[in-house]
Amino acid sequence: MLRELHRRGTVTAAAAALHYTASAVSQQLAQLERDVGSSLFERLGRRVQLTDTGLVLAEHAEEILGAVERATLALEETQATVSVRLMAGVWASVASGLLPTALTALATEHPGIRVRTRELAPEDTAGAVRDGALDFSFVIEYSSFPMTWDNGLERTVIAVERLHAAVPAGTVPAPTVALPDLAESPWILAGPRSHFGRAVRIACQSAGFEPTVDHEVGEQSTALAMVAAGLGVTLVSDLGLALCPPGVDIRAVTEPITRTISIAYRTGNARRTSLQLVVDAVRKAAAERGLAAQ
């Protein structure tokens, strides 16, 4: 908690990163100050700044947390049978399209590995791994919108998807469509702050037009339902195709747009046997769906 307070500057932000209430974080930090016998932070307006003593302890916190990861790795390496619980960050299409197959196979081959999941926005999963709230997470990168990467994280590519045009039934008779052909259509997209919303907007701009977004929605299933109702067009990934309701036609986009799905984990965990077994299981599930990364 002290480390997150130092990183984020407010108790509220630290609590959000750790998925606790602000009150719980405040109480624990107050107890830490009593244990240390010295003030660890001071308030400067709405923000909190660590004192010299707090900074010293925060430096040791990084070492302590690193030691915990190294100890976990060492313990796993001594076990003939891996027995561990892992917390994963997921989003809807991965949770429905890849995890059921992967976790079923994992439970059969390695019953000691239990994976729990937490659904987050794709934009938040990598940060939660970096902060220690998750052991690993699924992350995405679009061909039209490359992402910056955290040096403290590593990632293993497990699947590559194409994006397809989802249009109201009967509106596009050909099996393929060029993005400029959809320039006059109303669009149904996630907001521009999301990776998906930003990537699609950039792809449209590269094709020579700015999409007219009549409906800004975050959930892919909601967007597809609106397409089925004739309210506009959108793009959908391979995994998202399973969410398509009647009334939606899927058309290949002539200018290929792809997105890469990876599993991200902290660099210190790269050698964890349990983590690599999970990665292998998900890779196999992706290959069975025809999405294997070359």
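In strand β11, Ile-250 is the bridge partner of Ala-166. The model is predicted, so local features need pLDDT of at least 70 and side-chain atom pairs pLDDT 80 or more, while totals for chains, interfaces and linings use all residues. Residues are numbered from 1 along each chain as its sequence is written, and side-chain values use heavy atoms, without hydrogens and water.

Strands (E, at least two residues) and helices (H or I, at least four) are DSSP runs numbered from the N terminus. Two strands pair if DSSP finds at least two bridges between them. Strand β6 covers residues 153-168, and its pairings are as follows.

| Partner of β6 | Sense | Bridges |
|---|---|---|
| β10 (residues 234-237) | antiparallel | four |
| β11 (residues 248-253) | antiparallel | five |
| β12 (residues 258-266) | antiparallel | nine |

Leu-163 has Ser-237 of β10 as its bridge partner, and Ala-159 stands opposite Ile-261 in β12.

Helix α6 (residues 99-109) and helix α10 (residues 273-288) have axes that come within 8 Å and cross at roughly 130°. Axes are lines fitted to C-alpha atoms over the stretch in contact, with angles from 0 to 180 degrees between N-to-C directions. In the contact (heavy atoms within 4.5 Å), α6 contributes Thr-101, Ala-102 and Leu-106, and residues of α10 include Leu-277 and Glu-288.

Thr-51 lies in the loop between β2 (47-50) and α4 (52-78). Thr-51 has a relative accessible area of 16% and is therefore buried (under 20%; exposed is over 50%, partly exposed in between, with a 1.4 Å probe and protein chains only).
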